Amino acid sequence: MSNESLANLLKEERRFEPPAELAADANVTAEAYEQARADRLGFWAEQARRLSWETEPTETLDWSNPPFAKWFKDGRINVAYNCVDRHVEAGNGDRVALHFEGEPGDSRSVTYAELQREVSKAAHALTELGVNTGDRVAIYLPMIPETVVAMLACARIGAPHSVVFGGFSADALATRIQDADARVVITADGGYRKGGASALKPAVDEALTKPGTENVRSVLVVRRTGQDVEWTEGRDVWWHELVERQPEQHTPEAFEAEHPLFILYTSGTTGKPKGILHTTGGYLTQTAYTHHAVFDLKPERDVYWCTADVGWVTGHSYIVYGPLANGATEVLYEGTPDSPHKGRWWEIVQKYGVTLLYTAPTAIRACMKWGDDIPAKYDLSSLRILGSVGEPINPEAWMWYRQHIGAGSAPIVDTWWQTETGAMMLSPLPGATATKPGSAQLPLPGISATVVDDEAKEVPDGGGGYLVLTEPWPSMLRTIWGDDQRYLDTYWARFEHRYFAGDGAKKDTDGDIWLLGRVDDVMLVSGHNISTTEVESALVSHPAVAEAAVVGATDPQTTQAICAFVILRGTAAEHDTLVDELRAHVSKQLGPIAKPRRILPVAELPKTRSGKIMRRLLRDVAENRALGDVSTLTDSSVMDLIQTRLPAAASED
Ligand code: ATP
Ligand code: MG
């Protein structure tokens, strides 16, 4: 990228109009904003009609006991029927639902008709194991078709699932089993990750020795890797033995719209994970609508791929429920992006002709670090819309994504949402919004959000503060599982009648919203609030930096001092003057107050399993404290490495 374009990167006025062809044929146009503004509940009632209800709802929202919402409460619906059967009944049974790509290179395509048979058999199997409507089922599986089948089978019989990411430890799994009081665990012998078979079953065996897990009566085990497993007779059952012998027809029963669909734990970036409860009708309405609107899905033509793990909310809403409710054809990839080589993702895009790609900034920054030449080797011309989720996307990474993955023309939809919101809340519309690198821009039609200051007053354009949601939305969390009080305290106590998202944000002069990172992460330096995201973006805009994490460490003079951890790009070498150069670069971009006190080049950053940077752990390191909750950290050796390097890295003013 030229120096001139680099200099323009952080400018708010930089924008890209939607491609004319896309705009002309877009599923959703700017009109939707008008329609939703005129009648928000009417708008959502209309979106609910994209689904097939056994009993159509007559009441859209019951908000008589805020913040405990009931959406479409007198409607009755079956989620699995909506995601599978109705597409077969509409004559699309031969359409591929899932193009599964295993990490070792095995692949298998599952049509909607096949998916219907598999889900039906699995639903019978769960019933045979004694799972009743309302019983919780824990799912601890790799990214394989059986995972999608298992989730849909639970939904089909009204048994809420709790999916636990396959990389979590036995302890993390045990606490989630206890918290949800699960009756059955669905797992596999193992899965393929990072070039090898990685076991899952031993963690289940260990988790089930812990107190509070006694109610688990069966463990259903998928054979994926063929590795040896310990077997507990009477408890453990092979999927291929139990599921395969079940009937291929199953009549779905409709449930109330507020029937619990799943519990899912947040990723733990800011603290101990919270068990978020989602229900049925509103959740499916908003996931289906947003997937249709934001990815402009044309189910007959598009091939969609969300690279998230199914153990994260993005996998729930935008691998399983949203896309399948819309009859999409999608890719499901088991492994890591660099197995067996760093072009694996782009090879998959080329192989299946992927048109819509949804991934996270952390992955984009990793690809930047690996080098432009890698994606350049593949034909990525099928891609027409690119999505981002999980963290603020740095303008530099946004530009790289557009340039090197999107051929300089594919619109990028930066989607802000949370486990709690269930579905996308802020995002450009690819056929209607002129996009700005680094900004999630505006609430989707039917969503009400704004930025407020400490006194709950809406900030003017150009001002900064806290992101809040001002009206209930269909896919909102209903509570924290088993803890209504924590639900009230966490989200509804900070500002009256407004949902507090916990994220800092600003409005630019056009009124577009920019996310600035967690409120917990905002730094206070000599009386100035400084956003971690902005300093990180300034660092990443330097050609030597691939990734940056910034924290404020307590400082006697300035309240907090900015401490930056940076990963260098593949081509950049650490040299004597680099740290000074980077500090000067930030100072030039954002002003001297934002100049980091210390900059530490590191090989890796601590991340959650969903790829988010865990700044609170870096703050613990910078302040010489014992590390907080690390149960959702990907790799604890990363913290050891950083800690051992820390003393040498100081660079004082
Ligand atoms: P915990 O709540 O346990 O600390 P978490 O907030 O990381 O974990 P998630 O629900 O997975 O758990 O993440 C939601 C958060 O991710 C948002 O609150 C926001 O901080 C961040 N986020 C997601 N998408 C975006 C985006 N497009 N832009 C900026 N931030 C985003
Ligand atoms: Mg959160």
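Two strands count as paired if DSSP finds at least two bridges between them, and strands themselves are DSSP runs (E, at least two residues; helices are H or I, at least four), numbered from the N terminus. This is a predicted model, where local features need pLDDT of at least 70, side-chain atom pairs count only at pLDDT 80 or more, and totals for chains, interfaces and linings use all residues. Residues are numbered from 1 along each chain as its sequence is written.

**View 1. Strand S18 and its two parallel neighbours.** S18 (residues 356-359) pairs in the parallel sense with S16 (residues 304-306) over 3 bridges. With S19 (residues 385-388), S18 is again parallel, over 4 bridges. Look for Leu357: Trp305 is its bridge partner, and so is Leu386 in S19.

**View 2. Side chains of S18.** Leu356 and Tyr358 point one way, Leu357 and Thr359 the other. All four are buried, that is, under 20% relative accessible area (1.4 Å probe, protein chains only). Side chains in a regular strand alternate between the two faces of the sheet.

**View 3. The second largest pocket.** A pocket here is an open set of points on a 1 Å grid over the protein atoms alone, where a 1.4 Å probe fits, with protein on both sides within 12 Å along at least five of seven lines; lining residues have an atom within 4 Å of a point. This one holds about 740 Å³ of space. Of its 41 lining residues, Gln418, Ala501, Asp503, Arg518 and Lys612 sit closest to the centre. Elements giving two or more residues to the lining are helices H12 (313-325) and H17 (484-492) and strands S24 (499-507) and S25 (513-518).

Definitions and conventions. Chains lettered and ligands numbered in written order. Heavy atoms only, no water. Buried < 20%, exposed > 50% of the residue type's maximum accessible area, 1.4 Å probe, protein only. Points joined across faces, edges and corners; volume = space filled by probe spheres on them.
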